[in-house]
Amino acid sequence: MIGHPAFADSEFDQYAGDYDSLLSQGLAVSGEGKEYFAEGRVAWLKDRLDECGVKARRILDFGCGTGDTADRLQRRFAADCVIGVDPSSPLVQRAALQYGRSNVRFHELRGYVPAEERDLVYCNGVFHHIPPRSRSSVARYIWSALRPGGVFAFWENNPWNPGTRYVMSRIAFDRDAVTLTSGQARELLQATGFHILRTDYLFVFPRALRVLRSLEGRLSRYPIGAQYLVLARKATRMAHCA
């Protein structure tokens, strides 16, 4: 069977019907819904890749969930093709029904064969659900999906942020997750063979302090945001971007 053994049985199948409500319940303390964070991640990533001169026409959304981010990625990047993969069959079916079209397609992870053809792999909040012993092999799986010079956008929850830990404790599918720090993420990706381009921390201020959000860009290098992005590149001769 094609796929990755770390996702042989998806823990999210049991939450597929209530995924949005469970996530909203956890995020409510921030004053924002999932759309705010999803749009913020994709917009931030697009700006950073524009600075690097990276054009992402073929994108893989690894752990696509309900599919809304795959849709955002296609629109924001004007991508030729976005493929969303997830181990949960119910989530994939839901994503395909709501967001599927000719240039946005969804597959169960077990049915996706990496072929070194993606310009960008986007991954948000997936690795804290992967057993630590399996993370290296999943990182290699993602490596094999990228073309030489392709970029991996590794978004994760920042365990140094107390608000993040509190939000995760309120979400049924996140309570038992094993988080990883940005340093651990960089070590994992470097061991796989990725070149680290930059690390950013985002979502410092909740909605109650939104008047301060104009400062987030200047604070992005400090490990205080609720999430972090490790941007990494597969071996390439392209100029370094920082």
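Arg72 is buried, at a relative accessible area of 19%, just within the cut-off of under 20%. The model is predicted. Arg72 belongs to helix H3, which spans residues 68-77. Leaving aside residues up to four places away in sequence, Arg72 touches Glu35, Ala38, Glu39 and Val42.

The axes of H2 (residues 34-52) and H3 come within 10 Å and cross at roughly 35°, and the crossing is right-handed. On the H2 side the contact is made by Lys34, Glu35, Ala38, Glu39, Val42, Ala43, Leu45, Lys46 and Leu49. On the H3 side, Asp68, Thr69, Arg72, Leu73, Arg76 and Phe77 take part.

Ala78 sits in the loop between H3 and strand E2 (81-86). Phe203 sits in the loop between strand E6 (195-202) and helix H8 (216-219). Ala78 counts as partly exposed, whereas Phe203 is buried.

| Residue | Relative accessible area | Class |
|---|---|---|
| Arg72 | 19% | buried |
| Ala78 | 46% | partly exposed |
| Phe203 | 7% | buried |
| Cys64 | 6% | buried |
| Cys123 | 1% | buried |

A disulfide is a covalent bond between the sulfur atoms of two cysteines. With a sulfur-sulfur cut-off of 2.5 Å, the count in this model is zero disulfides.

Helix H4 covers residues 89-99 and includes Ser89. The side chain of Ser89 makes a polar contact with the side chain of Glu108, at 3.3 Å.

Helix H6 runs over residues 162-169, and its buried residues are Thr164, Val167 and Met168. Because they cover an arc of only 100° around the axis, they lie on the same side of H6. An α-helix has 3.6 residues a turn, so residues three or four places apart point the same way. The N-terminal end of H6 is capped by Asn161, with a side-chain oxygen 2.8 Å from the backbone nitrogen of Gly163.

Definitions and conventions:
Residues numbered from 1 in each chain as written. Predicted model: local features only at pLDDT ≥ 70, side-chain atom pairs only at ≥ 80, totals over all residues. Heavy atoms only, no water. Helix = DSSP H or I, 4+ residues; strand = E, 2+ residues; numbered from the N terminus. Buried < 20%, exposed > 50% of the residue type's maximum accessible area, 1.4 Å probe, protein only. Contact = heavy atoms within 4.5 Å. Arc of directions from axis to C-beta. Polar contact = N/O pair within 3.5 Å; in protein donor to acceptor, adjacent residues only side chain to side chain. Axes fitted to C-alpha atoms, helices over the stretch in contact; angles between N-to-C directions. Left-handed = near helix turned anticlockwise from the far one by under 90°.
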